[in-house]
There are 2 protein chains.
Amino acid sequence: MNQYFDIILKSPLFGGIRRGELVGMLDCLRASVRDYPKDAAIFLAGGPATRVGFLLRGNAQVVREDVFGNRTILTSLAQGDMFGEVFACAEVETLPVSVMAAGKCVVLLLDYKKLLTTCSSSCAFHNRMIENMMRILAQKNLRLNEKIEAVSARGTRAKLLTYLAAQARRAGSPAFTIPFNRQELADYLAVDRSAMSAELGRMQGEGLLRYDKSRFELANNMGVDDEDYLE
Amino acid sequence: MNQYFDIILKSPLFGGIRRGELVGMLDCLRASVRDYPKDAAIFLAGGPATRVGFLLRGNAQVVREDVFGNRTILTSLAQGDMFGEVFACAEVETLPVSVMAAGKCVVLLLDYKKLLTTCSSSCAFHNRMIENMMRILAQKNLRLNEKIEAVSARGTRAKLLTYLAAQARRAGSPAFTIPFNRQELADYLAVDRSAMSAELGRMQGEGLLRYDKSRFELANNMGVDDEDYLE
DNA sequence: AGGAGTATGTTGTATTTACAACAGAATTTG
DNA sequence: CAAATTCTGTTGTAAATACAACATACTCCT
């Protein structure tokens, strides 16, 4: 178990927790570690959403199954990733998704109620974790809002500008590197890759921006046509 | 102040709180009630995001101002609505939006840190509110994910089917009423209203669904073409 | 009931986007 | 280093969507 301490401590939920506190904490939380073989269901759709998981080892996928049995991969999980927390915190009755082991997996499971309820000794870390979880949920909220803004923009150019402007804002600079390649960016914005490439080319031609690979630089007059200021 | 008790108690953040507990609670939370004239800034972009607000009276708008001073209305707030909680919980340094009074407003303001930190007397309602806030954030997360799924679908028909299927799932029935008129639905899905209307007409013609105003009923063979099963 | 205002549906046209196919650059692999 | 693979950009064409304009239906108000 303690071979996984570093992974656990790196997780945002455990932010601000010192290594020495961890053992007692996990004990108090009644944390359990389980092994799953390839293709096993770590969480099964239809089951209760009472636990929060951490992938300590292996890879897994969050999948949704529609009425006709078609499986869609919603997220891919890697070592250190947390999963199930949104459903647990939302207190949904039954899980709408499954989490399937893509290979052999080792998982840390926490009971959400235990995590939420300050224990008798009112230990400090409980409050810390609650604060952490709150921040995680709220920040995810902000990221989702950002994506909705970009995807909802009308037209490929507007989507790109919305996304790139947000990245520039986040970077605090008109020059920044995005965490996507072209195909991933196209998927994120829900547009066709080649059409998006063409649009990027046109935008560069018009001097709106410059780019090289995943590095972008927005022109300072971005999106503002001089004619707007003529009377 | 107690003229507003009913509004406060109806808010999800105060869910499970009894009327008799409220006075002591608000006192312990150092809650303050403030009046704002029309066009006043309740929260100002660039300022700290340390408080959570409730609109007790009047209407307000959450607005974002881009680099060039263009204002976009992100949300309209009505009586009873909570605002600012995502930024407070995410612990962002500076507010990226402003909240402007659309008319005379009365607002209840809570300090997020006070709300989060269990007070010395470890009063029960603190835990209740923390649980409530967690659920509010997580449920908002689920709603945003639902919207992203719909908006990201390729093509008007796929967007409609994604949205309508989610509504049917939520309703637990293939027949349900949506909370939008056509224009609002089109805005939600980021498509053109008239094109969407036409698509709905085609879909009804093909027997995929039936509708009347905001009442929809999905066919049970929805989205499954019989040919898929011919081999 | 009458009329104003709003909501919805319909159609034709212009524009935009997706799709497919390919070429060149960059990266990875043996 | 060379071959294979992946990534990116380009182009022409087909398809989908937005836009504009209008007809009809519905709602609200007095």
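**Two chains and a DNA strand**

Q: What makes residues count as surrounding DNA strand D, and which are the closest?
A: In this predicted model, 15 residues surround DNA strand D, and the closest are R182(A), S194(A), G201(A), G155(B) and D192(B). The cut-off is a C-beta atom within 6 Å of the strand, so residues that meet it count as near.

Q: Which elements supply at least two residues each of the surface near DNA strand D?
A: Those are α7 (182-189) and α8 (193-205) of chain A, plus α8 (193-205) of chain B. The largest share, five residues, comes from α8(A).

Q: How do the residues near DNA strand D divide into nonpolar, polar and charged?
A: There are four nonpolar, eight polar and three charged ones.

Q: How many residues of chain A are in contact with chain B?
A: 29 residues of chain A are in contact with 29 residues of chain B. On chain A's side, α3 (85-90) and α5 (124-152) each give two or more residues, and the largest share, 18 residues, comes from α5(A). That side divides into 16 nonpolar, seven polar and six charged residues.

Q: Why can we say that the copies meet through the same surface?
A: Because 100% of the interface residues of chain A are also interface residues in chain B.

Q: What makes the two copies related as by a two-fold rotation axis?
A: Chain A superposes on chain B by a rotation of 180° with 0.0 Å of shift along its axis, at an RMSD of 0.1 Å. So the two copies are related as by a two-fold rotation axis.

Definitions and conventions: Residues are numbered from 1 along each chain as its sequence is written. Chains are lettered from A and ligands numbered from 1 in the order in which they are written. This is a predicted model: local features need pLDDT of at least 70, side-chain atom pairs count only at pLDDT 80 or more; totals for chains, interfaces and linings use all residues. Two residues are in contact if their C-beta atoms, placed from the backbone, lie within 7 Å. Helices (H or I, at least four residues) and strands (E, at least two) are DSSP runs, numbered from the N terminus. Ala, Val, Leu, Ile, Met, Phe, Trp, Tyr, Cys and Pro count as nonpolar, Asp, Glu, Lys and Arg as charged, and the others, Gly among them, as polar. Copies are superposed by least squares on the C-alpha atoms of residues with pLDDT of at least 70 in both.
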